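Open the model in your viewer and keep the selection tool at hand. The tour below goes stop by stop.

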2 protein chains.
Amino acid sequence: MTRQQLFENITKKESFLCIGLDTDIQKIPEHLLTEKDPIFEFNKQIIDATHKYAVAYKPNTAFYEAQGAKGWESLQKTLEYIPKDIFTIADAKRADIGNTSAMYARAFFENMNFDSVTVAPYMGSDSVKPFLGFDNKWVIILAATSNPGGSDFQHLTVDGDKFYEKVIKTSQEWGSEDSIMYVVGATRPEALKEIRKIIPNHFLLIPGVGAQGGDLKTVCENGLNKECGLLINSSRGIIYADGGQHFAKEAVREAEKIQAEMAKILKGL
Amino acid sequence: MTRQQLFENITKKESFLCIGLDTDIQKIPEHLLTEKDPIFEFNKQIIDATHKYAVAYKPNTAFYEAQGAKGWESLQKTLEYIPKDIFTIADAKRADIGNTSAMYARAFFENMNFDSVTVAPYMGSDSVKPFLGFDNKWVIILAATSNPGGSDFQHLTVDGDKFYEKVIKTSQEWGSEDSIMYVVGATRPEALKEIRKIIPNHFLLIPGVGAQGGDLKTVCENGLNKECGLLINSSRGIIYADGGQHFAKEAVREAEKIQAEMAKILKGL
């Protein structure tokens, strides 16, 4: 998917909501556990219920790997089930030496046809570049993550920059705003503001709204650009809004609530 | 496996060789492609041939994921096939927010019973700690990696330290020399020397000998400690020593050659 197509979808749906499919077998409603593939069945019902309100889905690979080969099948089926006009993110946080990153790129872009994959920057250029050789595919590089440990290294000062700023500046040489996005946690509004000065046009993937405590309005004040430029993710807040029979109905209620807020914000662009 | 058990195995086998099972379907001998599970069949024959000379095996998950659910099955079968006295490393370079890292830990330590998993430090403490709550399991944190891009960030200066030194110093608070190892590339002998001043006792996993150009003797001069303290990995140099019918025979020849050098080095301890 191109940046233009993504922005068109945002405009059409009046939403920049990404729904995180962090589907944990230990948290899904009990009545689904008798299904042949409970994880896929859960995702299917969540997608059916929420796809009108979302422009992106983001399965986190950890939750599928925790189920072994069977989980990998659930992931593949989920990806195939997502409507084709919705941006898909393999939240995998991969990266390795060049020939190995090329294997990960094959896994997520060729075998599974995800639109994008999240990548950890620690190993540098040749660990990220193999993901950049695919038309209309995206690399989403971790910059300032939402978790408490994000401060351990990312906020240290290097050559007068925060480390996450250094990551952003250095990675500008690897690709463009048409191939790279960055992860900036909703719990880091001050970082978001500074990051927008460096990359005014890039899309940012913003986790941490909802369960992790980030606030939608604050994020938009600091991060929105003229083509939106934000994909705001909520995982647990939507998919586990209700733990029982009504999980899909409650998920759609949560998604709709966020989308309504987003529609208002987009009117101001 | 405990540190003591690992050192006993090293002493017994006169080897600190780790063999990387980076098994690429596009590189294995053609005659295996008619097998039901060519990747497992390749690994099985490599393990049969080389296990006398190795104290550790390190499958890199990328090569298995590139085959989807089927690859994940090959990985599980491979792990089960490795003799129980051999240390196993899931070279996965994972890490995510706390609840998600806990899922990865479940995948590699509970569902698959690996002895250890490699972890990227960028997301900090709560992304690594979930891997540390398992008896006799190990986290292997990326410090100074062997690839060219390793210099992009890891060798920058932060508070008077190289960034990889900062990672090592900070992570001392998360676990001990009985639960944490570090990755230091064989292509970084100067880093290795400095790292040994900070952590004289920890085990280090050293990739980059062989195909990537690192040298065994130089590594040992800079990194060996009184309980060996090194696991030196070779992947492509061993498993693809021959691309045809004789791949296992040539792999054992390469492994034996490295082990013989290691035996000599260990005598000097």
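By what turn and what shift along the axis can chain B be laid on chain A? A turn of 180° and a shift of 0.0 Å do it, with an RMSD of 0.0 Å. The superposition is by least squares on the C-alpha atoms of residues with pLDDT of at least 70 in both copies. The two copies are thus related as by a two-fold rotation axis. Select B:Ala69 to find that axis: in chain B its C-alpha is the nearest, 2.3 Å away.

Some ground rules. This is a predicted model, in which local features need pLDDT of at least 70 and side-chain atom pairs count only at pLDDT 80 or more, while totals for chains, interfaces and linings use all residues. Residues are numbered from 1 along each chain as its sequence is written, and chains are lettered from A and ligands numbered from 1 in the order in which they are written.

**Stop 1: the interface**

Colour the contacts between the chains. Two residues are in contact if their C-beta atoms, placed from the backbone, lie within 7 Å. By that rule, 48 residues of chain B touch 47 residues of chain A. Elements that each supply at least two residues on the chain B side include α3 (61-65), α4 (68-81), β3 (87-94) and α5 (98-111). Helices (H or I, at least four residues) and strands (E, at least two) are DSSP runs, numbered from the N terminus. Select α5(B) next: it gives the most to this side, with 7 residues. By type, the chain B side holds 20 nonpolar, 17 polar and 11 charged residues. Here Ala, Val, Leu, Ile, Met, Phe, Trp, Tyr, Cys and Pro count as nonpolar, Asp, Glu, Lys and Arg as charged, and the others, Gly among them, as polar. The same surface serves both copies, since 98% of the contact residues of chain B recur in chain A.

**Stop 2: the barrel**

Show chain A as a cartoon. Its 8 strands close into a barrel in the order β1-β2-β3-β4-β5-β8-β9-β10, with parallel pairing. Neighbouring strands are turned by 30° against each other on average, direction ignored. Two strands pair if DSSP finds at least two bridges between them. Switch to chain B: there too 8 strands close into a barrel, in the order β1-β2-β3-β4-β5-β8-β9-β10.

**Stop 3: strand β4(A)**

Select residues 116-119 of chain A. Buried means 20 or more other C-beta atoms within 10 Å of a residue's own; exposed means 12 or fewer, and partly exposed lies in between, with C-beta atoms placed from the backbone. In a regular strand the side chains alternate between the two faces of the sheet.

β3(A) (residues 87-94) joins β4(A) by 3 bridges, and A:Arg94 has A:Val119 as its bridge partner. Between these strands the chain crosses through α5(A), and this β-α-β crossover is right-handed. Right-handed means that, with the strands pointing away from the viewer, the path from the first strand over the helix to the second runs clockwise. Then β5(A) (residues 138-144) pairs with β4(A) over 4 bridges. There, A:Ser116 has A:Trp138 as its bridge partner.

**Stop 4**

Select β9(A) (residues 204-206) and β10(A) (residues 230-234). They run parallel, joined by 3 bridges, and A:Ile206 partners A:Ile232. Next pick helix α12(A) (residues 247-267). It lies across β1(A) and β10(A), at about 155° to β1(A). That angle is taken between N-to-C directions, on a scale from 0 to 180 degrees, with axes as lines fitted to C-alpha atoms, for helices over the stretch in contact. Then pick α10(A) (residues 216-223), where A:Val219, A:Cys220, A:Asn222 and A:Gly223 are buried. The buried residues of α10(A) pack against α9, β9, β10 and α12 of chain A.

**Stop 5**

- A:Tyr81 sits in helix α4(A). It is partly exposed, because 14 other C-beta atoms lie within 10 Å. Leaving aside neighbours within four places in sequence, A:Tyr81 contacts A:Lys44 and A:Ile47.
- A:Asn113 is in the loop between α5 and β4 of chain A. Its phi is near 55°, a positive value in a residue other than glycine.
- A:Asp159 lies in the loop between β6 and β7 of chain A. Its phi is near 50°, again positive in a residue other than glycine. A:Asp159 counts as exposed because it has 11 other C-beta atoms within 10 Å.
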